[in-house]
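Student: I should like to learn how to read the features of a predicted model. Please take me through the one shown here.

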Amino acid sequence: MDQRKSRSSDRGQILLIFAFLFPVLILFLGLGIDAGFAWVMKALLSRAVDAAALAGMRNIDLGTAQAQAIAQDAFNANFGSGFNRDTGAPVVSITVTKDANNNNVVNVSATATIDTFFIKLLPGFGTMNITSNAQATQPQLIMSLMLDKSGSMNLNGGAQALPGAVTSFIGYFNNTSDQVAEISFSSIATVDVAMRTGFQTPITNAMRAMTFGGATFSQSALSAGETQISNVHTVAGQSIVKVAVFFTDGWANTIQDTLKCPSNTLVNYGGCSPPEAAVNWCSGISFLSPTTGNSVTCNATTFPSQLTGTTLPLTPTATGETNIANDAMYRAVQVANNMRTAQGITVYAIGMGDKINDSFLQEVANDPASPTFDSTQPEGEAIFAPDSTQLQNVFDTIAQKILLRISQ
């Protein structure tokens, strides 16, 4: 009898403890559920404000009002309808300002109010306010465009496609704060538009006036592009992004050395690259003035190869032409490497047509697909247009990649 009374007493005590603890358990369960809903809302808001800040920054050149409108649209598209627990649409604030270094700054904040399920039982906890913030800062862009205007561009549609593609490309960037230079190259490189703000009209005019002819002196273009970027004066603490965009439709095939002609003479010289020689676009080896690009007389029979470190025959044969082209590509890559290591420049390479050397352009850009990719240098990208009809799309793709880089 005593044992039965004891078990009955224990059961009574357990019921009393359970009755006391049950509301506490429910409260903690409710806190977990409401906290889970709050976390989901926070994630939705974070995704939406991040997208809005980036969208606003990418369109800052359209003006503050337009950038804010695009940012709001991006927020709405990424937030969607939430999960139907909010008491109203989130309150969104989008501001466009300048920082101490005159860089554009887009700030986005959003607050959503959600109803609670369980903790509403506590006074003052009927709703919860969830807030998220994002900021996108756009550093100044300093960019060199290096554009191939060799004679082959007249044979593959490039001469017609390049001006429109470049004009569209520069329209993506801020004409009042970014600085851009444009260099064209064939047998020699020419700085058509020196580094400047207000670059859109001068570059557009230069593209309309561009004529095509001559060889492909890639090294000179990259060197000129590097010089234009390095000449920009920057101040400590200034946030900048340095970019070089290199476009070509063929192999590099021209180099410059002091040759015995018969006396020592600085001369540009080049041969026909193998894919162009195969379709009879060119032949032989030409000697050119390093200042005008016009033909000059030279009877040199050898040249100093930087690729091999030896002296190679300078003969108008397929072997001689290939040797010069290989050296020309090697020298161009060395300049691109220096752009990255000495200046921190990110290089993008664009190749058009079926007579380009993909590996060469990947090396110029330090593309991850390159066999010589160096992860310690700024990572660029090589993008290819199979023909001139794709050139606009490729330039637009590069523009978006640059905008993403300066908007993060």
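**Reading the helices and their contacts**

Tutor: Let us begin at the end of a helix: Gly80 follows α2 and has a positive phi, near 65 degrees. Helices (H or I, at least four residues) and strands (E, at least two) are DSSP runs, numbered from the N terminus. This is a predicted model, in which local features need pLDDT of at least 70 and side-chain atom pairs count only at pLDDT 80 or more, while totals for chains, interfaces and linings use all residues. Residues are numbered from 1 along each chain as its sequence is written, and side-chain values use heavy atoms, with hydrogens and water left out.

Student: How many helices and strands are there in the protein?

Tutor: The protein has nine helices and 14 strands. Of its 408 residues, 45% are buried, where buried means under 20% relative accessible area, exposed over 50% and partly exposed in between (1.4 Å probe, protein chains only).

Student: What span is expected of helix α2?

Tutor: The expected span of a helix is 1.5 Å times one less than its number of residues. Helix α2 (residues 64-79) has 16 residues, and its first and last C-alpha are 22 Å apart, close to the expected 22 Å. The 13 residues of α3 should span 18 Å at 1.5 Å a residue, and the 18 Å between its end C-alpha atoms agrees with that.

Student: Which residues of α2 are buried?

Tutor: An α-helix has 3.6 residues a turn, so residues three or four places apart point the same way. In α2, the buried residues are Ala67, Ala71, Ala74, Phe75 and Phe79. They lie on the same side of α2 because they cover an arc of only 120 degrees around the axis, taken from the directions from the helix axis to the C-beta atoms. Ala65, Asp73 and Ala77 are exposed on the other side of α2.

Student: At what angle do helix α3 and helix α4 pack?

Tutor: Axes are lines fitted to C-alpha atoms, for helices over the stretch in contact, and angles run from 0 to 180 degrees between N-to-C directions. Helix α3 (residues 158-170) packs with helix α4 (residues 200-209) at about 175 degrees, their axes 9 Å apart. The two are therefore roughly antiparallel; angles under 35 degrees count as roughly parallel, over 145 as roughly antiparallel, 65 to 115 as roughly perpendicular and the rest as oblique. On α3 the contact (heavy atoms within 4.5 Å) involves Leu162, Pro163, Val166, Thr167 and Ile170, and on α4 Gln200, Ile203, Thr204 and Met207.

Student: Where is Gln228 placed, and is that residue buried or exposed?

Tutor: Gln228 belongs to helix α5 (residues 218-230) and is buried, with a relative accessible area of 12%. Beyond its neighbours within four places in sequence, Gln228 contacts Ser144, Ala181, Ile183, Val191, Ala194 and Met195.

Student: How far is Ala385 from Gly353 in sequence and in space?

Tutor: Ala385 and Gly353 are 32 residues apart in sequence and 6.3 Å apart in space, C-alpha to C-alpha. Ala385 sits in strand β14 (residues 381-385) and is buried, at 1% relative accessible area. Not counting residues up to four places away in sequence, Ala385 touches Gly351, Met352, Gly353, Gln390, Leu391 and Val394. Across the protein, 68% of the contacts with a separation of 6 or more are between residues 24 or more positions apart.
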